[in-house]
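Dear colleague,

Please read the two side by side.

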Amino acid sequence: MSREGFRLKNNEGSPVIQQKAPVITKEEIAAGVFLVGVKSPQITMHAQPGQFLHVRVGQGPEPLLRRPLSIFQVDRKRGVLSLLFRVAGKGTNLLSRRRLGEDLDLVGPLGQGFDVPSGTRTALIVAGGLGVAPLFFLAQDLVRRGISIHFLMGARCQDQLLCRDQLQALSSHLQVSTDDGSDGFPGLVTQLLEEFLRRENLDSGSTLICSAGPEAMLAKVASLACQFGIPGQISMERNMACGLGACLGCVVLCRSRERVQTYRRVCVDGPVFRLEEVVFGE
Ligand SMILES: Cc1cc2nc3c(=O)[nH]c(=O)nc-3n(C[C@H](O)[C@H](O)[C@H](O)COP(=O)(O)OP(=O)(O)OC[C@H]3O[C@@H](n4cnc5c(N)ncnc54)[C@H](O)[C@@H]3O)c2cc1C
Ligand code: FES
């Protein structure tokens with residue numbers, strides 16, 4: 001019997017696959033933060049940076065709703081993808097207790113990922129906390145395409161600066177900040193970003209800002225990008241139910257290029273949006 005459930009198409013035209021995929025690696029890389037590898041050659045083959053999976057976290061009917069998690073990394077040769085998540089509540093706690101060899105029921109890849117324009121030569125990647133989850137795969141992909149990366153990563157404290165060594169190896173320049181001053185720049189990653197933008201005089205035609213993290217941070221990234229005239233894309237989060245565009249439970253307020261305000265669904269129109277598109281705090 002096939003282990004694959006259903007196949008749909010997402011907005012990018014690639015298949016959406018439901019599949020039971022075995023957990024093959026699991027590591028707690030920081031307190032309450034887990035890196036889990038699953039074997040899923042089909043999803044791995046189609047996944048793009050910024051897309052996510054909808055994961056059934058338990059083994060029984062409870063909890064009913066799947067949880068959205070970004071695709072952190074893919075290894076297409078081995079057909080393996082990984083998820084990086086923090087235990088935030090019941091669902092992620094259950095997921096953290098799944099054992100090696102057990103199957104995870106996955107739906108994906110879902111949503112619109114990062115769309116890097118041709119002509120981009122430099123990416124300025126700004127991650128806040130678990131925001132590193134959708135950005136690591138992006139960084140790997142950009143390096144493969146010959147785009148140089150400046151990576152700014154912020155966390156509450158040193159222990160929560162995730163995957164720092166791997167990002168250091170990928171990036172032309174990596175700078176970190178911590179809210180408590182235990183490592184790197186003492187303060188917010190958006191303060192680091194502002195300093196960087198003032199210092200570097202980046203070319204707006206060939207630079208792209210990509211960011212993920214808490215919404216207040218994304219609002220500040222959007223305002224700085226606008227001030228310095230650099231285009232960018234951000235990954236948004238909302239609680240989700242269907243994950244397929246049907247329930248309208250995950251909307252964010254956006255404005256069109258004609259400046260008309262409208263609600264858009266994070267699960268199918270996002271999670272990655274142009275940063276001037278999202279209307280913050282209104
Ligand atoms: C597209 C997308 C990609 C995501 N990728 C990742 C990822 O790679 N790694 C990761 O750790 N988390 C990620 N998240 C967030 C993750 O889905 C939630 O942390 C998770 O669903 C919480 O489930 P829970 O049952 O453990 O917690 P719950 O009991 O449902 O919630 C616990 C707390 O977390 C808050 N919360 C729940 N969902 C969200 C959300 N979507 N955004 C902000 N706060 C939330 C709740 O309000 C509550 O305060 C992503 C979310 C989206 C929408
Ligand atoms: S979660 Fe149902 S429309 Fe997005």
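In this predicted model, the protein chain has six helices and 17 strands, where helices (H or I, at least four residues) and strands (E, at least two) are DSSP runs numbered from the N terminus. The chain is as compact as a globular protein of its length, because its radius of gyration is 18 Å, close to the 19 Å that the globule rule gives for 282 residues; the radius is taken over C-alpha atoms, and the rule is 2.2 Å times the number of residues to the power 0.38. The C-alpha trace spans about 60 × 45 × 35 Å along its principal axes.

Of the 282 residues, 52% are buried, that is, under 20% relative accessible area with a 1.4 Å probe, protein chains only.

As for the cysteines, the structure holds zero disulfides, a disulfide being a pair of cysteine sulfur atoms within 2.5 Å. The cysteine sulfur closest to that of Cys 254 belongs to Cys 250 and lies 11 Å away, which is too far for a bond. Cys 254 is buried, at a relative accessible area of 0%, and Cys 267 also counts as buried, at 1%.

Residues are numbered from 1 along each chain as its sequence is written, while chains are lettered from A and ligands numbered from 1 in the order in which they are written. Local features need pLDDT of at least 70, side-chain atom pairs count only at pLDDT 80 or more, and totals for chains, interfaces and linings use all residues, while side-chain values use heavy atoms, with hydrogens and water left out.

Note on methods. Buried < 20%, exposed > 50% of the residue type's maximum accessible area, 1.4 Å probe, protein only.
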